[in-house]
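I opened this model to look up its aromatic rings, then its pocket and its core. My entries follow.

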Amino acid sequence: MAFSFEKLLDLPESARRAASLIVAIGRNRLELFSLECREELHFSLKVLTVLLAAFFLAMFGVLLVTVLLLFALPPELRLTGMACCALVYFLGSFGCIMWVKALFSRHPMPFSQTLEEMRKDGKQLREP
């Protein structure tokens with residue numbers, strides 16, 4: 001049994017309006033879903049960029065500062081200097097991780113607006 005638009009035109013006016021409304025609601029929800037997909041992609045790329053920057057900066061910083069300090073310190077203090085450098089860079093890395101955690105906590109759940117609108121639509125369709 002194939003769907004035919006001619007059969008749809010034979011329906012009473014109220015049924016046609018209801019079908020048109022359902023199609024319009026579906027289209028609206030798809031547009032909202034598409035918008036939220038783009039927002040999630042943008043957010044994910046932003047987080048990934050920050051994490052990669054934090055990683056590379058931490059690695060280069062650890063390498064360069066450690067080498068610099070090791071050559072600048074007297075031989076008996078080199079081990080202590082290395083430990084201090086490691087502590088500083090680990091704290092910096094921890095700060096970056098906390099920053100990303102804060103980004104996620106402020107960011108709404110993915111597709112929450114679409115789901116909320118669909119809940120509202122369901123309530124409206126169930127009401128007499």
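I started with the rings: Phe55, Phe56 and Phe60 form one aromatic cluster. The model is predicted, so I took local features only at pLDDT of at least 70 and side-chain atom pairs only at pLDDT 80 or more, while totals for chains, interfaces and linings use all residues. Residues are numbered from 1 along each chain as its sequence is written, and side-chain values use heavy atoms, without hydrogens and water.

**Aromatic pairs.** My pairing rule takes rings of Phe, Tyr and Trp (its six-membered ring) with centres within 6.5 Å; planes under 30 degrees apart are stacked, over 60 edge-to-face, the rest tilted. I counted three aromatic pairs by this rule. Why is the pair Phe55 and Phe56 edge-to-face? The ring centres of Phe55 and Phe56 are 5.4 Å apart and the planes stand at 70°, so the pair is edge-to-face.

I then checked exposure (buried is under 20% relative accessible area, exposed over 50%, partly exposed in between; 1.4 Å probe, protein chains only). Phe55 is partly exposed at 47%. Phe56 is partly exposed too, at 42%. Phe56 also pairs with Phe60, and this pair is stacked, with 6.5 Å centre to centre and 25° between the planes. I found Phe56 and Phe60 both in helix H2 (residues 13–72), four residues apart, about one turn of the helix. Helices here are DSSP runs (H or I, at least four residues), numbered from the N terminus.

**Pocket.** A pocket is an open set of points on a 1 Å grid over the protein atoms alone, where a 1.4 Å probe fits, with protein on both sides within 12 Å along at least five of seven lines; lining residues have an atom within 4 Å of a point. The largest pocket has a volume of about 180 Å³, the space filled by probe spheres set on the points. Its lining includes Phe55, Met59, Tyr89, Phe90 and Cys96. H2 and helix H3 (78–106) each supply at least two lining residues.

**Core.** A nonpolar core joins buried Ala, Val, Leu, Ile, Met, Phe, Trp, Tyr and Cys residues through side-chain atoms within 4.5 Å. Which residues make up the largest nonpolar core? I listed five: Phe43, Val47, Val50, Val100 and Leu103. H2 gives the most to this core, with three residues.
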